[in-house]
Amino acid sequence: MSRDKIVAGNWKMNNDSNQTKTLILELKKTMQMEANVMIAPSFTNLSIAKDLLLGSKIEVIAQNMHFSDSGAFTGEVSANMLKSIGIETVILGHSERRKYFNETDDQLKLKVDSAISSSMKIIFCIGEEIGERKNNNHFEIIYDQINNSLFHLDKDSWSRIILAYEPVWAIGTGETATLDQIQEMHSMIRKNISERYTQELANSISILYGGSVKPSNSHDIFSLEDVDGGLIGGASLNANDFNQIINSI
Ligand code: PGA
């Protein structure tokens, strides 16, 4: 079964409005689209990015959202608000959100439900810490993250889920997981989904890899059987690097 190939750039808390414009104009100039390309600027730059990309196939997505529709949650942004400016996809469960903002599997489950009831798509991030891998707990950790936040969903809702396996120790460190480690985890994730649902459903889910993907390693990573693209942090801030990564899929 052919799955969607996706390359998504997670800009994190980088780029003010001027830098957003510059980077998007550079991307538009040189990008050849084989993959589905997404970029995730910060909340303040989503509308600017949407306007600049009007008519382009590059999708603008959000990095996070709150699980409530509205209410007394100072500083937060809801799915409805994102939808109202044309944002259809949100990244949830990034390890930086889990680590620095104490997001738990239970909260993420609420966010997933909110995004799905707003008909949004989700890039759901999962990943183990280095200690967990060293203790050989990595498969269990990843299973728990998926089980606790996603396995309550019905089969239809899974058409809105894209997974991103991002070992925490490989994010922003320059250290990439080995090809064997990546393929092994991706196929295990697919097996977990097939055991909970069906093989057909498992085969239809795009599973991205993230963690120090760069032009020099993206082709090898994207060639792995169970890898359907990447979630790119640092290298997505440079138009040339990001384009090379996109073209390597
Ligand atoms: P990195 O970040 O590519 O800079 O390692 C990936 C991510 O955090 O999604």
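A crossing counts as right-handed if the near helix is turned clockwise from the far one by less than a right angle, and left-handed if anticlockwise. Everything here comes from a predicted model, in which local features need pLDDT of at least 70 and side-chain atom pairs count only at pLDDT 80 or more, while totals for chains, interfaces and linings use all residues. Residues are numbered from 1 along each chain as its sequence is written, and side-chain values use heavy atoms, with hydrogens and water left out.

**View A. Helices α7 and α8 meet in a right-handed crossing.**
Helices (H or I, at least four residues) and strands (E, at least two) are DSSP runs, numbered from the N terminus. The two helices pack at an angle of about 45°, and their axes are 11 Å apart; axes are lines fitted to C-alpha atoms, for helices over the stretch in contact, with angles running from 0 to 180 degrees between N-to-C directions. That angle makes α7 oblique to α8, since angles under 35 degrees count as roughly parallel, over 145 as roughly antiparallel, 65 to 115 as roughly perpendicular and the rest as oblique. On the α7 side, look for H138, F139, I142, Y143 and I146; they meet E184, M185, M188, I189 and N192 of α8, where contact means heavy atoms within 4.5 Å. Sorted by type, the residues of this contact are seven nonpolar, two polar and one charged. For this sorting, Ala, Val, Leu, Ile, Met, Phe, Trp, Tyr, Cys and Pro are nonpolar, Asp, Glu, Lys and Arg are charged, and the others, Gly among them, are polar.

**View B. Helix α10 packs with helix α11.**
Here the axes of α10 (residues 215-222) and α11 (residues 239-247) come within 8 Å and cross at roughly 20°. That makes α10 roughly parallel to α11, and their crossing is right-handed. P215, S218 and F222 from α10 meet D241, Q244 and I245 from α11.

**View C. Q183 sits in helix α8 (residues 179-196).**
Q183 is buried, at a relative accessible area of 18%; buried means under 20%, exposed over 50% and partly exposed in between (1.4 Å probe, protein chains only). A polar atom of the Q183 side chain lies 3.5 Å from the backbone nitrogen of E225. Not counting residues up to four places away in sequence, Q183 touches L224, E225 and D226.

**View D. R196 belongs to helix α8 too.**
R196 is partly exposed, with a relative accessible area of 38%. Leaving aside neighbours within four places in sequence, R196 is in contact with F151 and L153. From R196 to S212 the C-alpha to C-alpha distance is 30 Å, for a separation of 16 residues in sequence.

**View E. G211 lies in the loop between β7 (207-210) and α10.**
With a relative accessibility of 5%, G211 counts as buried. Its contacts, leaving aside neighbours within four places in sequence, are E166, A170, I171, E175, T176 and L231.

**View F. N15 and N136 have positive phi values.**
Most residues other than glycine have a negative phi. N15, in the loop between β1 (6-10) and α1 (17-30), has a positive phi of about 80°. For N136, phi is near 65°. N136 is found in the loop between α6 (130-134) and α7 (138-150), and N136 is exposed, with a relative accessible area of 58%.

Definitions and conventions
Polar contact = N/O pair within 3.5 Å; in protein donor to acceptor, adjacent residues only side chain to side chain.
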